[in-house]
Amino acid sequence: MSARFEPIIGRYMHLDLFGRKHRIYVEQAGEGTPLLCLHTAGADGRQYRALMNDERITQRHRVVAFDMPWHGKSSPPSGWHDEEYQLTSAQYTTMILEIMTALELDRPILIGCSIGGRIALHLALEHPERFRAIIGLQAGAHVDPYYDLNFLHRPDVHGGEVAAAIVSGLVGPDAPDHERWETLWHYMQGGPGVFKGDLYFYKLDGDIRGRVAQIDTRRCPLFLLSGEYDYSCTPEETLAVAESVPGSEATIMKGLGHFPMSENPAEFFKYLLPVLEKIGAI
Amino acid sequence: MIETLAQRVNGDEALVRRGRFLTTTFLLEVGSTAWLISIFEGRVVSVARGPFVMPSSSFALRAPPEEWQKFWSQRPPPGSNDLMALIKRRVLRAEGNLQVFMANLRYFKEALAKLRADGVKEGLKA
């Protein structure tokens with residue numbers, strides 16, 4: 001009697017990436033301009049559930065989110081059990097472009113958060129012609145490690161518990177409890193070493209400080225939205241990117257943290273919808 | 001205020017349950033004032049104020065008073081709302097056997113946040 005279905009449709013896509021077979025979970029909702037969503041480190045595409053459930057967005061956008069290999073409902077590639085997962089800038093870039101091609105996403109709007117925001121800067125620099133516009137959430141050029149990453153993957157510390165506990169303070173103070181704990185649950189569900197492997201890109205390999213000023217926003221508009229309470233990618237770090245990239249637009253979102261689209265969608269939409277309006281008018 | 005930690009933690013059944021595999025003693029330093037806090041199976045069993053001669057602890061958390069004050073305010077400002085935020089800003093030093101701290105990170109974050117100014121209680125005082 002009370003059953004209700006969301007408009008989100010999920011499917012598994014088989015695709016070769018980096019010369020290996022992958023089974024990748026893809027969700028989408030809505031029709032119109034493609035809007036490709038990239039989740040944070042150690043989480044999955046569920047972070048974008050609110051975008052896919054909001055008609056203000058889905059009436060004019062085909063919202064697509066995939067779980068990166070090793071994340072969510074996507075599998076690690078065969079042979080994973082003898083490997084250490086480490087995400088690199090090159091792999092991350094290839095993955096996104098290959099998935100765009102496979103899904104026939106023609107010049108999508110890209111929205112990425114945290115590691116997704118960082119790779120968004122890489123893509124704005126290296127592949128601007130592939131995107132209509134790029135929205136970086138919690139996007140900074142670099143983050144120094146501030147704790148021993150080995151604690152994320154060792155047998156005497158529960159990986160899921162510690163991942164969620166590390167990021168819990170990154171959720172803003174006004175997040176509704178339901179959304180806060182949904183966001184943290186995704187972290188608790190991550191596979192062993194996956195969050196740590198993503199942070200290899202975030203804290204080591206993906207440093208773009210030396211090149212970020214070369215982004216040309218005439219080739220692809222760049223919008224930066226960052227939560228006030230994020231101490232991983234601080235507002236100052238986002239503003240530093242904005243200052244070095246002429247034509248980019250940065251907004252600091254009051255009361256929000258590191259996971260705006262997942263921790264507090266209602267507040268986040270107050271900032272996102274005007275950006276989508278602007279992009280629609282370009 | 002720190003003396004009230006036992007009452008505040010032990011009064012939260014869910015927190016005590018989550019800490020049921022945690023038995024340890026840690027040192028909390030607020031500037032030059034040290035506190036030795038003992039936990040047995042999730043319950044805070046003693047909170048002793050220094051100075052100490054040869055205190056034994058599994059790990060120590062050390063920060064200046066003004067940083068703890070912000071952390072314990074009712075609505076901490078950005079950068080002061082979480083132990084990891086203080087560590088990121090290099091104002092909180094976590095030292096010792098941090099496996100105990102990290103394996104029970106949610107517990108320690110929530111236990112220390114129990115000392116946060118409580119709106120209702122503050123209002124009653126006034």
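Eight strands of chain A form an open sheet in the order β1-β2-β4-β3-β5-β6-β7-β8. The pairing is mixed; two strands pair if DSSP finds at least two bridges between them. Strands (E, at least two residues) and helices (H or I, at least four residues) are DSSP runs, numbered from the N terminus. β1 (9–17) and β8 (249–253) of chain A stand at the edges. Each has a single partner strand, so one side of each lacks a neighbour in the sheet. From one strand to the next, the twist averages 20°. The model is predicted: local features need pLDDT of at least 70, side-chain atom pairs count only at pLDDT 80 or more, and totals for chains, interfaces and linings use all residues. Residues are numbered from 1 along each chain as its sequence is written, while chains are lettered from A and ligands numbered from 1 in the order in which they are written.

Within the sheet, β3 (residues 33–38) and β5 (residues 109–113) of chain A run parallel. Four bridges join them. In β5(A), A:Gly112 is the bridge partner of A:Leu38. Helix α4 (residues 115–126) of chain A packs on the sheet. This helix touches β3, β5, β6 (133–137) and β7 (222–227) of chain A; residues are in contact if their C-beta atoms, placed from the backbone, lie within 7 Å. The direction of α4(A) makes about 140° with that of β5(A). Such angles run from 0 to 180 degrees between N-to-C directions, with axes fitted to C-alpha atoms, for helices over the stretch in contact. Helix α10 (residues 265–281) of chain A lies across β5, β6, β7 and β8 of chain A. It runs at about 165° to β8(A).

Chain A as a whole has ten helices and eight strands. Its C-alpha trace spans about 50 × 50 × 40 Å along the principal axes. A compact globule of 282 residues would have a radius of gyration near 19 Å, and the 17 Å of chain A agrees. This radius is taken over C-alpha atoms, and the globule rule is 2.2 Å times the number of residues to the power 0.38. Buried residues (20 or more other C-beta atoms within 10 Å of their own, placed from the backbone) make up 52% of the 282 residues in chain A. Of the contacts in chain A with a separation of 6 or more, 76% come from residues 24 or more positions apart.

The contact between the chains takes 16 residues from chain A and 15 residues from chain B. On the chain B side, α4 (83–88), α5 (98–103) and α6 (105–113) give two or more residues each. α4(B) gives the most, with four residues.

How values were computed. Contact = placed C-beta atoms within 7 Å. Buried ≥ 20, exposed ≤ 12 C-beta atoms within 10 Å, placed from the backbone.
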